[in-house]
Structures are given as C-alpha cells and as structure tokens.
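Good morning, and thank you for coming.

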Amino acid sequence: DGKLSERPIKLPKRGGAALSVLDYVEKGICFAPDGLRCMVPGKEKLARSRLGPYYATMPDGSKTLFRDGRKEAVVKQVECWVSVEGPETYELDGILWKTGRA
C-alpha cells in the first residue's frame with residue numbers, strides 16, 4: 001500500500017533456491033512461477049501475486065502480496081536490486097532443475 005515508514009516483510013522461499021526469479025518473454029518477470037509476476041506483455045503495469053507453493057504466505061495467512069487479498073494490482077514504481085554473485089545456471093536432472101553459478 002506504499003507505506004514506506006513501515007518495516008518490510010521478507011517471505012522465505014520454499015523448496016530451495018531453484019526457480020527464484022524467472023524472466024519469460026510471454027509471461028513477464030516472475031518471482032517463482034507464481035509468487036509475483038510483473039510486466040505481463042500487453043499489461044505492463046499489472047502485477048499478479050499468489051503465495052504458498054514457492055514462497056511462504058504473509059504473516060496474517062494471506063496468499064497474496066497485495067492488500068485486501070487482491071490477486072492483482074497496478075504497478076506505480078519498480079526498484080531493481082542486483083546480486084553481486086552473478087547469474088545462476090539451470091540444468092535439468094531428470095524431472096528436477098539443479099542450479100549452479102555461471
């Protein structure tokens with residue numbers, strides 16, 4: 001809701017680091033396959049959120065990052081934080097993806 005005076009909430013990733021951040025041409029930028037999706041082609045100012053499978057739910061049990069349980073919200077501002085460790089690589093091992101450093 002834009003209250004920058006409140007302390008942020010960090011939600012733990014479930015199931016390891018794999019598939020933490022994805023950048024799909026057809027789906028936009030995703031934090032996990034469905035945790036937070038931004039810049040959906042054709043709807044660039046729309047963000048979608050669904051918590052549970054890949055990221056823990058909010059402290060109040062809500063399964064979305066947005067207020068009042070909404071699954072979609074309009075993006076007004078985006079900040080990008082970058083890791084100094086470099087990109088991860090993904091390799092399919094049977095039916096599971098393994099991650100490593102490039």
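Two remarks on the basis of what follows. Residues are numbered from 1 along each chain as its sequence is written. The model is predicted, with local features requiring pLDDT of at least 70 and side-chain atom pairs counting only at pLDDT 80 or more, while totals for chains, interfaces and linings use all residues; side-chain values use heavy atoms, and hydrogens and water are left out.

I begin with the chain as a whole. Of its 102 residues, 24% count as buried, where buried means under 20% relative accessible area, exposed means over 50%, and partly exposed lies in between, with a 1.4 Å probe and protein chains only. The chain exposes about 8100 Å², of which carbon and sulfur atoms supply 56%; these areas come from the Shrake-Rupley method with a 1.4 Å probe, and for residues only the protein chains shown count as cover. A contact means heavy atoms within 4.5 Å. Among contacts with a separation of 6 or more, 31% join residues 24 or more positions apart.

Now to the sheet. Strands of a sheet pair through backbone hydrogen bonds, either parallel or antiparallel. Two strands are taken as paired if DSSP finds at least two bridges between them. In this model, 5 strands form an open sheet in the order β1-β2-β3-β4-β5, with antiparallel pairing. Its edges are β1 (21-24) and β5, each of which pairs on one side only. On average, neighbouring strands of this sheet are turned by 20° against each other, direction ignored; the axes are lines fitted to C-alpha atoms, for helices over the stretch in contact, and angles between N-to-C directions run from 0 to 180 degrees.

Let us walk through the pairs. β1 and strand β2 (residues 28-31) are joined by 4 bridges and run antiparallel. L22 stands opposite C30 in β2, and the two strands form a hairpin with 3 residues between them. Next, β2 pairs with strand β3 (residues 36-38) in the antiparallel sense over 3 bridges, and I29 has C38 in β3 as its bridge partner. This second hairpin has 4 residues between its strands, and A32 in the turn has a positive phi of about 65°. Further along, β4 and β5 also run antiparallel, joined by 3 bridges; here L46 has V74 in β5 as its bridge partner.

The cysteines deserve a moment. A disulfide is a covalent bond between the sulfur atoms of two cysteines. The rule used here asks for a pair of cysteine sulfur atoms within 2.5 Å, and by this rule the count is 0 disulfides.

Finally, the loop between β4 (46-49) and β5 (72-74), where T64 is found. Is T64 buried or exposed? T64 counts as buried because its relative accessibility is 3%. Leaving aside residues up to four places away in sequence, T64 touches S49, L51, M58, G69, R70 and K71. A polar atom of the T64 side chain also lies 3.3 Å from the backbone nitrogen of F66. This is a polar contact: a pair of N or O atoms within 3.5 Å, where, within protein, one must be able to donate a hydrogen and the other to accept it, and residues adjacent in sequence count only if both atoms are side-chain atoms.

Y55 is placed in the loop between β4 and β5 and is buried, with a relative accessible area of 16%. Which residues does Y55 touch, not counting those up to four places away in sequence? They are L11, P12, K13, R14, S20, F31, A32 and G35. Y55 and R14 are 41 residues apart along the chain, yet their C-alpha atoms are separated by 5.3 Å.

G61 also belongs to the loop between β4 and β5. At 40% relative accessibility, G61 counts as partly exposed.
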